[in-house]
Amino acid sequence: MIDVHTHPVQVAELLRDDPALVRAVREVFGLFMPPQPLETFLLHLDEAGIDRAVLLPIDCTTAHGVTIVSNEQVAALVERCPRFIGFASVDPNLPDAPATLEHAAQEYGLRGVKLDPALQQFAIDDPQRAFPVYARAEELGLPLLIHCGMSWAPKGRSALANPLALEAVVQAFPRLRIIIAHLGWPWVNEAAMLAFRYPTVYLDTSVLFSGTPTESLRQALQTSIGIDALDRSLSRQIVFGSNYPRVDPKRAAWAVEALGLRPKLQQRIFHDNAAALLGLGGGEA
Amino acid sequence: MLERVGVQTTADTQAIDVTGRVREIVTASGVQNGRVFVNTLHTTTAITVNEGLEDLEDDLLEFLRDLVPAERPYRHARFLHSDGQMAVNAPSHLRGALLGMHVSFPVADGAIVAGSRQTIYFVELDGPLFREYTVQVLGE
């Protein structure tokens, strides 16, 4: 099983030596739980049956003067634990963002890019600021995981994260693979529309608004999109994401299992689609 | 004297025998006659006593899961702003409430007075997490 959506913001080994990160996690990201040893993170993955997990940083230098875990810290965690797959984050508001992304990919081996327009405060379809980042990601073959929909972060502005704005990006960068996080809730239909329309658009399952993850995911996938439509048209474009530590990976996994999907579709969600997207091998033939 | 003891749990639900650790702390305290209290510091764990057999541990945990089902329209299933996390672990809280948060034993002649089959358990109900419990020895 592969989890494409985790934030290493509760890792005691990172937080104890980095007071700026402690402040960023609390004041910008909005997580107020005490740190846990890295071992707990790995045990959470074990409990959920997750073999590999993508670590997502967020570079909010311009908007808030902080990075919510740096690319260097992600690279260090990956080096310490090969179960992790590191993504980079760059600040589209900075002119050197494309170069920073290239450096993160080539020097640190980071394998994708994470952007959060709500927290980083940029327009998804801004041709001056955001497009150069997309262009470099496409050139480097890096998938983009982009926060869409409601932001739980205290400093997040959800209006900047409407997935509809991605259509211009998809059309301008047809080889860029884009993962829309959180099913774009409350814009689930908009996010799904893009995935139906463009095979380079993926959805991750980390939808959280109220109720248990099981209830939230059922509402989004079963009621809004429909399981038949998902199975027929999007079975290769949906990937498992937990959004740890906003929610426990075990409960995110239980939510997918509770849908009672066809085994092949569940296998694609839990593993095959992400394996193919991330070039991990072991994907479906 | 009071000691905080850390424990890294490794699963969602787990009964961990802490009897030996509690006995060590009582001995180290030097208290000859008094009482020892074992308390958990969490609301989704418990402290309980039972016979130290694996089959009983399994029965206890399975019975708790039956008594408090995972799926039910619990009200405690929402984003908790004070934590920045989804608070979706009502079953863990309710199972903890059924077991209780502490036990205590007499201390006589520098040792716990307990039945030969009595085993003290720290019970994880929403792991894996790094947890803490306290052992307090009062007396002279």
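Two strands are taken to pair if DSSP finds at least two bridges between them. Helices (H or I, at least four residues) and strands (E, at least two) are DSSP runs, numbered from the N terminus. The structure is a predicted model, in which local features need pLDDT of at least 70 and side-chain atom pairs count only at pLDDT 80 or more, while totals for chains, interfaces and linings use all residues. Residues are numbered from 1 along each chain as its sequence is written, and chains are lettered from A and ligands numbered from 1 in the order in which they are written.

For the complex, the predictor gives an ipTM of 0.90 and a pTM of 0.94. Chain B has a mean pLDDT of 97, with 100% of its residues at 70 or more; pLDDT is the predictor's confidence in each residue, from 0 to 100.

Chain A contains 14 helices and 10 strands. Its radius of gyration, taken over C-alpha atoms, is 17 Å, close to the 19 Å that the globule rule gives for 285 residues, so chain A is as compact as a globular protein of that length. The globule rule is 2.2 Å times the number of residues to the power 0.38. Along the principal axes, the C-alpha atoms of chain A fill a box of roughly 45 × 40 × 35 Å. A residue is classed as buried if 20 or more other C-beta atoms lie within 10 Å of its own, as exposed if 12 or fewer do, and as partly exposed in between, with C-beta atoms placed from the backbone. By this criterion, 55% of the 285 residues of chain A are buried. Contacts require C-beta atoms, placed from the backbone, within 7 Å. Of the contacts in chain A with a separation of 6 or more, 75% are between residues 24 or more positions apart.

Within chain A, strand β9 (residues 201-204) is covered on both faces: A:Val201 and A:Leu203 on one side, and A:Tyr202 and A:Asp204 on the other, are all buried. In a regular strand the side chains alternate between the two faces of the sheet. Strand β8 (residues 178-180) of chain A pairs with β9(A) in the parallel sense over 3 bridges, and A:Ile178 stands opposite A:Val201. Strand β10 (residues 238-239) of chain A runs parallel to β9(A) and is joined to it by 2 bridges, with A:Ile238 as the bridge partner of A:Leu203.

Helix α6 (residues 97-108) of chain A includes A:Glu107. This residue counts as exposed, because A:Glu107 has 11 C-beta neighbours inside 10 Å. A:Glu72 is 35 residues from A:Glu107 along the chain, and their C-alpha atoms are separated by 9.8 Å.

Chain B has 3 helices and 10 strands, arranged along the sequence as β-β-α-β-β-α-β-β-α-β-β-β-β. Its C-alpha atoms fill a box of roughly 50 × 35 × 20 Å along the principal axes. Buried residues make up 31% of the 140 in chain B. Residues 24 or more positions apart account for 84% of the chain B contacts with a separation of 6 or more.

At the interface, 17 residues of chain B are in contact with 23 residues of chain A. Strands β5 (78-80) and β6 (85-87) of chain B each supply at least two residues of the side that touches chain A. That side of chain B has 8 nonpolar, 5 polar and 4 charged residues, where Ala, Val, Leu, Ile, Met, Phe, Trp, Tyr, Cys and Pro count as nonpolar, Asp, Glu, Lys and Arg as charged, and the others, Gly among them, as polar.

Conventions:
Contact = placed C-beta atoms within 7 Å.
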